[in-house]
Amino acid sequence: MINLSDIVKAYDVRGIVPEQLNPEVARALGAAFVTVTGTGELAAGHDMRESGPELMAAFAEGATSQGANVLDIGLASTDLLYYASGQLGLAGAMFTASHNPARYNGIKLCLPGAQPVGQDSGLVQIRTTAQGYLADGLPAPVDQPGTLSSRDLLADYARYLRGLVDLSASRPLKVVVDAGNGMGGYTVPAVLGDAVLEPLPLQIVPLYFELDGNFPNHEANPLEPANLVDLQRRVVEEGADIGLAFDGDADRCFVIDADGNPVSPSAITALVAVRELAKAPGSAVIHNLITSKAVPEIIAAHGGRPIRTRVGHSYIKAEMAVTDAVFGGEHSAHYYFRDFWRADTGMLAAMHVLAALGEQDGTLGALTAEYERYHASGEINSKVEDQAGRVAAVRERFADRTVGADTLDGLTIDLADGSWLNVRASNTEPLLRLNVEAPTSAALDAVRDEALAVIRS
């Protein structure tokens with residue numbers, strides 16, 4: 001029998017099809033989701049992976065058997081599913097494995113209003129209940145099973161986003177978009193193009209818009225630099241103003257400037273924060289602890305209240321709820337908006353960047369230069385068995401130069417020269433993740449190499 005502990009992760013369900021995730025498992029999870037949460041209505045969508053429709057249908061069977069009505073929204077990006085959850089007040093189930101390879105699929109669950117369901121908010125109980133259903137059989141259907149209906153929400157989603165960021169007055173922009181054969185190929189023509197609404201002053205140059213869950217061109221993971229190469233080349237060849245890269249379920253967006261250079265997600269966080277603070281002065285803005293220290297500096301300089309959190313969407317969303325933050329950003333290119341039910345949407349972040357670029361005459365590189373103040377390593381992973389021991393060794397190695405340290409998420413050390421580093425363990429793998437930032441490239445190289453030598457010794 002499949003052990004659900006292997007596929008039910010901290011924030012979602014993710015497993016290999018069909019060995020770990022198949023219709024039987026999906027049916028049990030659908031029934032357990034309704035049993036544990038008590039939800040009476042939910043929306044369900046799937047990305048372009050071949051297994052999506054079958055898995056979603058099985059999940060819906062389990063859910064309706066326990067009395068929940070299921071609204072099938074069909075093909076969807078994750079933020080389109082969040083739109084359905086928020087706008088219609090429904091719980092949600094999105095069938096996607098995001099940026100994972102083709103053999104994977106998964107489920108992202110939420111409560112009405114796009115409230116996350118994670119390890120600390122019901123996912124453990126859902127896993128335990130579903131495991132029991134796999135062992136002993138599904139519970140008997142209730143006297144009044146739920147219904148299954150369908151609805152196309154793409155145009156409504158596009159119209160809602162356009163209402164949040166008005167691009168109609170932008171100067172003409174040439175935009176290369178790499179959808180990576182993922183759901184950006186479905187949502188970009190609707191939101192930024194003229195597939196369902198009136199055209200915008202944007203010339204969209206499509207790259208890999210064909211929906212294909214086998215990812216024939218490159219993995220739909222823009223966090224990996226190799227997957228940005230095609231977009232970088234095409235931006236330069238086209239003489240484009242900007243490039244956008246979406247991951248498989250299009251909830252993350254990476255940005256390339258006109259010279260083909262990646263723009264740091266921390267710089268995007270700062271740029272969008274400034275725009276949101278202009279609309280909501282004095283608001284809180286969330287940033288996780290591996291974003292550049294330029295981010296809280298810029299938030300504060302524009303009258304906002306920077307609030308630092310752990311890495312992970314459940315922590316960001318929880319802190320946004322407590323502080324009523326207007327915006328939140330992570331260095332992994334997840335961006336969260338109060339006016340999008342505190343959910344993450346790469347599309348809305350992209351629209352903010354396009355608006356900022358289109359309302360002035362300079363290049364994107366010039367626009368974002370003021371937000372990139374420091375030199376960063378990016379996240380470096382090392383396979384380590386004795387994670388606690390290596391973290392302790394890092395602390396000891398830098399002790400004589402440490403001016404501050406905390407353990408909010410792993411170990412963060414502030415050094416006397418203005419550099420900082422964070423070392424934290426992966427939730428799911430024997431990996432230590434290192435992030436370093438420094439005032440100069442020389443200082444960055446020195447701190448990074450020294451820390452890695454300790455971690456990998």
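Arg310 is partly exposed at 31% relative accessibility (buried is under 20% relative accessible area, exposed over 50%, partly exposed in between, with a 1.4 Å probe and protein chains only). This is a predicted model, in which local features need pLDDT of at least 70 and side-chain atom pairs count only at pLDDT 80 or more, while totals for chains, interfaces and linings use all residues. Residues are numbered from 1 along each chain as its sequence is written, and side-chain values use heavy atoms, with hydrogens and water left out.

**Salt bridges**

- A salt bridge is a side-chain nitrogen of Lys or Arg within 4 Å of a carboxyl oxygen of Asp or Glu; the count by this rule is 27.
- Arg310 pairs with Asp409 in a salt bridge of 4.0 Å, N to O.
- Asp409 is buried, at 8% relative accessibility.
- Lys108 and Asp251 form a salt bridge with their closest N and O atoms 3.0 Å apart; Lys108 is in strand S5 (residues 104–111) and Asp251 in the loop between strands S10 (242–246) and S11 (253–256), 143 residues apart.
- Lys108 is buried at 12% relative accessible area, and Asp251 is buried at 1%.
- Glu238 and Lys174 meet in a salt bridge of 2.9 Å, N to O.
- Glu238 is partly exposed at 26%, whereas Lys174 is buried at 19%.

**Helix H10**

- Helices (H or I, at least four residues) and strands (E, at least two) are DSSP runs, numbered from the N terminus.
- In helix H10 (residues 313–323), the buried residues are His313, Ser314, Ile316, Lys317, Met320 and Thr323.
- Asp324 follows H10 and has a positive phi, near 55 degrees.
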